[in-house]
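Please open the model in your viewer and keep the selection tool at hand.

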Amino acid sequence: MLVLGLILLLLAAGLLIGFLSSGTQQVTFDSGVLDVTVSTLAIYLLGALTLLLLVAGLALVRSGTRRAHQRRKEHKELNRLSAKVEAHEAEKRRDEEAGATPTTTTTAETTAGTTAGTTAGTTTAQTPPEDTGTTRS
């Protein structure tokens, strides 16, 4: 592949040198209403500009699609984490209503622990709170 790429680059450089050296010939385009006379060098440069714009447009479309995909992925992850936090809060409310003792972690700690392990769409396992040495009867 490297050799083929180098051959194509040398071919393009040879064509450029050829067009630069023989760019004095005039070409006339007749459309019936309008006649345009340009040099072969101008035609070559317009073609090169067109190709450059095409490649730049494709690069922008590609980066835009990647960015949109990343945003959708992050949005999905945030929705999943939000549902997890809401479920934890609902469970905590049920426990408090049932007369159970409240847990030692707060919602803010749970949210911070859950979102702190999330970077660029990846998640890490959340570690349980440390044992304080007290036992429940």
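## A tour of the model

Of the 137 residues in the protein, 7% are buried; buried means under 20% relative accessible area, exposed over 50%, and partly exposed in between (1.4 Å probe, protein chains only). This is a predicted model, in which local features need pLDDT of at least 70 and side-chain atom pairs count only at pLDDT 80 or more, while totals for chains, interfaces and linings use all residues. Residues are numbered from 1 along each chain as its sequence is written, and side-chain values use heavy atoms, with hydrogens and water left out.

**The elements.** Colour the model by secondary structure. The protein has three helices and two strands, and their order from the N terminus is α-β-β-α-α. Helices (H or I, at least four residues) and strands (E, at least two) are DSSP runs, numbered from the N terminus.

**Helix α1.** Select residues 2-21, which form helix α1, and find L11 there. L11 is exposed, at 51% relative accessible area. Patches consist of residues with over 30% relative accessible area and no salt bridge, where like charges are joined within 9 Å and nonpolar side chains (Val, Leu, Ile, Met, Phe, Trp, Tyr) within 5 Å. Accessible areas come from the Shrake-Rupley method with a 1.4 Å probe, and for residues only the protein chains shown count as cover.

**Helix α2.** Next, select residues 40-97, helix α2. Its 58 residues should span 86 Å at 1.5 Å a residue, and the end C-alpha atoms are 85 Å apart, which agrees. The expected span is 1.5 Å times one less than the number of residues.

Which residues of α2 are buried? They are T40, A68, E77, L81 and V85.

Show the side chains of E77 and R80, which meet in a salt bridge at 2.6 Å, N to O. A salt bridge is a side-chain nitrogen of Lys or Arg within 4 Å of a carboxyl oxygen of Asp or Glu; by this rule the count is one. E77 and R80 are about one helical turn apart because three residues separate their positions in α2. E77 is buried at 14% relative accessibility, whereas R80 is partly exposed at 40%.

Select E91, D95, E96 and E97, which form a negative surface patch. Asp and Glu count as negative, Lys and Arg as positive; His and the chain ends are not counted. The place of a charge is taken as NZ of Lys, CZ of Arg, CG of Asp or CD of Glu. D95 lies in α2 and is partly exposed at 33%. Finally, select G99, which follows α2 and has a positive phi, near 90°.
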